[in-house]
Amino acid sequence: MSEESKPGWRSIPIAGIILEPGSAMKYKTGDWRAFRPVIDEEKCTYCLLCWIYCPDGAIIREEKTVRVNYDYCKGCGICANECPAKAITMVEEKK
Amino acid sequence: MSRIMGLTGDGAVAYAVKQCKVDVVAAYPITPQTLIVEEFSEYVHNGEVHTEFICVESEHSAMSACVGASLTGARVFTATASQGLALMHEILYIASSLRCPIVMGVVNRALSAPINIHCDHSDMMGSRDCGWIQIFVENAQEAYDWVIQAFRIAEDPDVLLPVTVNLDGFILSHSLEGVEVLDDADVEKFVSTRKPVFTIDPDKPITVGPICFTDFFFETKRQHVEAMNNSPKTISKVNDEFAELTGRRYGFIDTYEMDDAEAAIICLGSTAGSAMAVAKKLRDEGKRVGVIKPWVYRPFPAEQIIDACKDLKALAVLDRACSIGAPYGPLCNDVTAALYKENVRLNVFNVIYGLGGRDITPFDIEAIFNETLEVAKTGLIKKPIKFVGVRE
């Protein structure tokens, strides 16, 4: 959305408050990422340490493996660092 | 019905807060504000109020607790001075930006170093851009009256801004005066209860204080400016209702003998009382002098000051604070900017006085008046900034 198409000061709620609960979901932070975690399902032992350590809740539990929610993953690399099976590689994002 | 009580400036503030049925007080004691906190905590101890009194470990925490309490919809008060106000500084901006109508007594005291406990206005002037409404009072009666009015002004949905009521440390805070106080019921009726515009409520969740980047921050600040711009209407309305209730008429500025005055002093706080007494003496001698005392410092009452100055030939602006490196002291910066904005050419000079509690005497003030009269006659300003009362 361009700056001009956003609402002006007369129409937004005062004090910067947000009236709709849970609206942070709409703010996708995945494009902050410089490196993306890529999971090697062959190596993954489903220990779930990445799921525990992810500060953004961007690791999703599947039935036998885990998946990354790239809409919110900021690419901090904590999951790759913690993974005891070395199943997560940080790959540079290229435009 | 009203009656006279012997109250110190701090005592008058505490008594007004007691009558305003405040829900939460979070405060940390600091000289010369201490009496406010002490006396109010006695009211709490004696069961005379039902206020949640939060003893915090610092002024930073005091203001933080006030913000949290205010967001729940509570009526909130705190008080501080000097280093305490400086420690609150970052939360002052948060309180006003989150539109928390907190009322705070600021008992003006110099800022360190060297450490000093006496009166000057450096503390409030150091935080004057924090987006709060700022009131300065001349005596304990005005402190009492403005605290009561402050809750009404702050909590008005058209304003929703915090208010400081500034009183001079020791000169007012610790001096006993006869103060005409209202009946509890009259105050209760006047201030009513707070009707919050939004609150934090687990049953109706909202987000307060989220991150706000380049896309919305500017709009939020623009709203804050508008709230301050709207406040004069509310201030006048509250002043009118208060005058009806008490017979005591407040406004943006107080003036003394300004009709036909050719030379005048403008100053904040207790010094205005001395200036008025000296002006009376000089008037008796046939000298056309007057005094302007802004009660409201933010929003700055430019219109009212210019109107009061319209027949003047010279004005001395007295500052009890320095804005080191700036063209003038804080009040003089504002006055000259206001005159320039309205294209009014007036001979103005600045007097810096009273730092760290140095007394300003009637003799000092008389000399300032005489110098102002001289400037009015000659149109010549010898020194644009004069330091009065400092040893060379």
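Predicted model: local features only at pLDDT ≥ 70, side-chain atom pairs only at ≥ 80, totals over all residues.
How much space lies in the second largest cavity? I started my notebook with that one, and I got about 80 Å³.

**Entry 1: counting the holes**
I looked for cavities of 30 Å³ or more, and the structure holds three of them.

**Entry 2: around the largest cavity**
I checked who lines the largest cavity and found 14 residues. Nearest its centre I wrote down Cys54(A), Pro55(A), Cys73(A), Cys76(A) and Cys79(A). Sorted by class, this lining has 10 nonpolar, two polar and two charged residues.

**Entry 3: around the second largest cavity**
Here I found 13 lining residues. The ones nearest the centre are Cys44(A), Cys47(A), Leu48(A), Cys50(A) and Cys83(A). I sorted this lining too: 12 nonpolar, one polar and no charged residues.

I picked Cys44(A), one of the residues nearest the centre of the second largest cavity, and looked up where it sits. Cys44(A) is in the loop of chain A that runs between β1 (35-39) and α1 (49-53).

Which residues does Cys44(A) touch, if I skip those up to four places away in sequence? My list reads Ile39(A), Thr65(A), Val66(A) and Ala87(A).

I also looked at Ile88(A), which is 44 residues from Cys44(A) along the chain.

How values were computed
Residues numbered from 1 in each chain as written. Chains lettered and ligands numbered in written order. Heavy atoms only, no water. 1 Å grid on protein atoms, 1.4 Å probe; cavity = no way out; pocket = protein on both sides within 12 Å on 5 of 7 lines; lining within 4 Å. Points joined across faces, edges and corners; volume = space filled by probe spheres on them. Nonpolar A, V, L, I, M, F, W, Y, C, P; charged D, E, K, R; others polar. Helix = DSSP H or I, 4+ residues; strand = E, 2+ residues; numbered from the N terminus. Contact = heavy atoms within 4.5 Å.
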